[in-house]
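Please read the points below alongside the sequence and the coordinates.

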Amino acid sequence: MTLPRFARIAAALTAVALTGTSLAWSAMPERRTVEAGRRIWFAKGCFQCHGAAGQGSIISGPALVPFTLPLDAMRHYVRNPTGVMPPYRQAALPDDDVVAVRAFLVSLPAPRDPATIPLLAPLLRAAGEPARPAAAPAGGVGKALFGRHCAMCHGAELQGGIGPALREEGSRHSVAEIQQILRAPPAPMPKLYPGTIKDADVAAIAAYVHGFGGAKGQ
Amino acid sequence: MPSDMPEPRRRGFLKGSLLVGASALARPAIARPAPPTPNANAALPTAARAMAEAGAVGITADPEAPIIKHAGSDLMVDLLKSAGIRYVTATPGSTFRGLHESIVNYGGNKAPELISCVHEEISAAMAHGYAKVAGAPIACLVHSNVGLQHASMAIYNAWCDRAPVLVLAGNGLDATQRRPLVEWLHTMTDVGTIVRDYVKWDETPINLEHYAESFMRAHQIATTPPCAPVMLVVDSDLQERDVPPASRPALPRPTHVAPPAGEAGAVREAAALLVAAEHPLIVADRAARTPAGVKLLVTLAELLNAPVIDRGARMNMPTTHYLNQSFRPELIGKADVILGLELSDLWGTINTVADKAERHARRLAAETVKVIAISANYTLAKANVQDMQRYFSPDLTIAADAEACLPQLIEAVQSLLTEERKAALAARTPKLRGDFAEMRAAAARDAANGWDASPISTARLSMELWEAIRPLDWGLVSNSAFISSWPQRLWDITEHHQYIGGEGGYGMGYGAPAAAGAALAHRDAGRIAVAIQTDGDMMVLPGTLWTLAHHSLPLLTVMHNNRAWHQETMHLTRIANRRGRGVENWRIGTTLTDPPIDYAAMARSMGVWAEGPISDPAKLAPALKRAVAVVKQGKPALLDIVTQPR
C-alpha cells in the first residue's frame with residue numbers, strides 16, 4: 001500500500017532535514033578544529049614567525065598560505081625541522097594539535113593575485129623592464145603546477161625550505177628521473193601521484209624543475 | 001655726654017636725664033658726672049667714618065658688579081661656528097651652563113641653534129641621525145658623567161654605524177672650585193673612560209688654547225673616514241672664566257682631510273679579478289657616504305654588468321636599477337668573485353650561523369670564490385668592543401674609504417675592458433633584467449599575502465605609506481629590517497638621502513631620536529622625513545615626541561605597533577621549545593599589552609598631531625592623507641598602526 005501524498009511529502013522533507021542536520025553536525029567538528037587550530041597558532045607562538053594570516057616574512061619564516069603540505073609531512077617537519085624553526089615536540093604540540101593547526105592553515109584565504117591590487121600591480125611589470133625570458137621550456141604550466149603543489153616545501157624559487165633546494169636538479173637528474181621521483185617520492189615527501197597530480201602534470205613539473213635556471217642536457 | 005652728639009639726640013638725652021633726675025629725688029642722692037657741654041662747632045660724622053668704625057656693610061664705591069665680558073665659552077661658540085656646526089642638542093646641565101648661555105646670547109642661538117632634548121640619549125641619537133642625512137656632524141652637549149652615561153648607548157650606536165658626532169661633556173676638573181655635594185657627584189677625573197671604548201678620540205683640555213686646538217682636532221677626526229663619534233671635555237672653569245682680549249687664543253682653522261684612497265697596485269689587481277669574473281657580485285653596506293657614492297657604484301656595477309646586493313647600512317644602489325638584486329641571496333653562492341664595499345660583517349657575508357642549539361658555521365659562498373674587501377675600517381680598531389665581527393681574510397684587502405676608492409677602481413676596470421670582453425659582459429643583460437623583474441614581482445606576490453588582514457600586514461602598511469609620500473620630496477629615516485625590508489623591495493628608492501640605514505649597534509632606542517635628528521636635516525633641505533617606528537623602540541625614549549613638537553620637525557611617524565618586543569617573543573619561544581617546557585608562556589616579559597599603549601594619546605600629550613590606533617587596513621589611506629597634510633605644514637604627525645609581527 002502506498003503512503004498518502006501528504007505523508008510521502010512529509011517523509012521526503014524529514015529526510016532532507018535530517019541530511020542537512022547531519023551535514024551541519026559533520027561541519028561543526030571541522031569548525032571547532034579550525035578554531036582550535038587558530039588558538040594554538042597564537043598560543044604556541046607559530047604566528048610570531050609565520051604571521052597571523054600565515055603570510056610569513058623574509059626575516060622570520062616562510063609564508064604558509066595556500067597550505068598544501070600533507071599532514072604526515074607537516075607532523076614530521078615540526079617535530080624535527082631542518083631549518084631555523086625551533087622543534088615542536090609531542091609534549092609541546094601533540095598530534096591532535098598538529099591536525100588542528102593544519103586545519104586552521106588550510107582554512108586561511110589564499111593570497112590575492114597582486115595583479116588585482118592597484119598598489120602592487122605595477123611591480124609585476126617591473127618598471128617597464130622586458131618580460132623575463134622563460135627559464136624552462138614548459139615554464140608556464142609546469143611553473144603553475146609547481147607553485148601549487150611543490151613550492152610549499154621547496155620554495156617558490158626552488159630555493160628550498162621545508163624540503164631541499166631543487167635549483168641544481170637539472171644538473172643531477174634527467175627529466176625522466178625527476179618524473180620517477182614525483183611518482184615514487186622518498187619519505188617524507190608526500191605522494192601526490194596519481195591522486196592529486198596526473199601523468200601530464202608530472203611531465204610538466206619535471207620539465208620545469210629540470211629546466212630551471214637555463215637549459216641543461218637531458 | 002659727648003659734646004659732638006647731634007642736637008636731636010642731645011635733647012632727647014636731656015629730657016631723659018630730667019626724668020631720671022626727678023626720680024632720683026625720691027631716692028638717696030648718688031654722685032653723677034656732670035653732663036658734657038655740647039660743642040656747637042662739631043662736624044657731622046661721614047659715611048666713610050661710620051664704615052671705618054662699624055665695618056663695611058656691602059656698599060661699594062662702584063654702582064654695579066663687574067661684568068664678565070669675555071667668557072671663555074664665547075670662544076667655544078666661535079669654534080662651533082667656525083667648524084660649521086649648525087645645531088647643538090642638549091638637556092640642560094650646570095656643568096655646561098657657561099657654554100649654554102654663550103650659545104643663546106653671544107651666538108644668538110643661530111648656527112649653532114640649541115635643540116632641547118629631555119634625555120641625553122636623545123641628544124646623541126639626534127646627532128647620529130642628523131649626520132647621516134646632512135653629511136656633516138652636529139654637537140651634543142652632555143652634563144658630565146651622568147649626562148654622558150645617559151648618552152652612551154646612542155654614542156655606541158653611532159660608533160658602530162660610523163657616524164660623526166661631536167660629544168661635548170661638561171666637567172669640573174678643579175676640585176678646589178667645586179661647591180659641596182652635587183658638583184662633586186657630577187664630575188669625574190677622567191670622564192672619557194665612560195665612552196673611550198667606542199669613540200674614535202677623546203680629550204680633556206686644560207686651558208682655552210688647548211681647548212681650541214683640541215676642538216678642531218676632534219672635528220677633523222670625527223669627519224675623516226672611517227667616521228665615528230669623538231668626545232671633548234668642556235671644563236666649567238674654562239667656560240666661565242673671564243678671558244681678557246689680550247689673552248684670548250686665536251681660532252685654529254678647521255681641517256678637512258681627503259679620505260684615504262686605495263693603493264694603486266691593489267686596485268689594479270681588484271679590477272683584473274672583477275673584469276675576468278664570470279659571476280661577479282658586489283656587496284655594499286656603507287659604501288655610499290655621499291650622493292656621489294651612489295653614482296660611482298652604479299657606474300662600476302654597469303661597467304662590470306655585476307649584480308649588487310645592498311646590505312642597507314646606507315642607500316648604496318637605486319632599488320629601480322636592474323643590477324640591484326639585493327633580495328637574491330643565492331647570488332652569494334653563485335659568485336666567483338665578490339667585492340665587499342665597507343661591509344659591517346664580511347665573515348657573515350661569506351658564512352652564516354643558524355640560531356640552533358649547536359652553533360655550527362655554514363659557508364654560503366663557494367669555496368673557490370675570490371673575495372675583495374675595500375673598507376676604511378681596516379685602519380680602525382678597538383680592543384674591547386666587538387663590532388669588528390669575526391675575523392675573515394679576503395683574497396685582496398684594501399684599507400681605503402670605498403667611495404674614495406671607487407674612481408680609481410672604475411678607471412682601472414675601464415682600462416682592462418676590451419671590446420670583446422664588453423660584449424661578453426653585455427650578453428648577461430637579458431637574464432639580469434629578467435631576474436630583477438622576477439625579484440620585484442616575487443616581492444609583490446609576497447606582499448599580497450595577508451593584504452587585507454587585521455592587524456595590518458607590514459606590506460600593506462608600507463605600500464599605503466609609499467602611495468601617500470611618493471609625490472613628495474621625502475626621506476625614510478627608520479631601519480627597514482624589522483619591517484621585512486618592504487621599502488627596499490617595493491618602493492622606488494633612487495636618491496642617497498632617501499634611506500640612511502639603521503642603528504649600527506642595534507641598540508634599542510635609536511629609532512625615534514635618530515628620526516628626529518634626520519628630520520632636522522631634511523627640514524633644512526626642504527624635505528619631509530618618514531619613519532616606520534617600532535613600538536618597543538619608541539618606549540625607550542618617548543620624550544623625543546616633545547622635541548619634535550617644540551622644534552617643529554616635519555616627521556611623519558607611522559607606528560609599526562605589534563604590541564611586543566617581537567624579536568624577544570621569538571627568542572623565548574625558541575628557548576622554551578629547546579627545553580621542552582612552557583612554550584605557551586612566550587608572552588611573559590615580551591609583550592606590550594595589558595594595557596596596550598596608546599601612542600596617539602602619548603604623542604598628543606607632547607604636542608604632536610596623532611591618530612590611532614588603526615587596525616583596519618581600509619582606514620590607512622585616509623589617515624595617511626590627513627597625517628601627510630600636517631607634515632607638509634612643517635609639523636610632526638604620528639599614526640598608531642596596529643600591525644602584524646613582521
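1. A salt bridge is taken here as a side-chain nitrogen of Lys or Arg within 4 Å of a carboxyl oxygen of Asp or Glu. Two salt bridges are counted between chain B and chain A. The side chains of Asp452(B) and Arg112(A) form a salt bridge, with N to O at 3.0 Å.

2. The model is predicted: local features need pLDDT of at least 70, side-chain atom pairs count only at pLDDT 80 or more, and totals for chains, interfaces and linings use all residues. Residues are numbered from 1 along each chain as its sequence is written, chains are lettered from A in the order in which they are written, and side-chain values use heavy atoms, without hydrogens and water.

3. Chain B brings 49 residues to the contact and chain A brings 46 residues (contact means heavy atoms within 4.5 Å). About 3,800 Å² is buried between the two chains, 61% of it from carbon and sulfur atoms (buried area is the accessible area, with a 1.4 Å probe, that two parts lose on being put together, summed over both). Of the area that chain B buries against chain A, 14% comes from Asn449(B), Trp451(B) and Asn577(B), more than from any other three residues.

4. Within chain B, helix H5 (residues 120-134) packs on helix H19 (residues 511-524) at about 45°, with axes 6 Å apart (helices are DSSP runs of H or I, at least four residues, numbered from the N terminus; axes are lines fitted to C-alpha atoms over the stretch in contact, and angles run from 0 to 180 degrees between N-to-C directions).

Key: Helix = DSSP H or I, 4+ residues; strand = E, 2+ residues; numbered from the N terminus.
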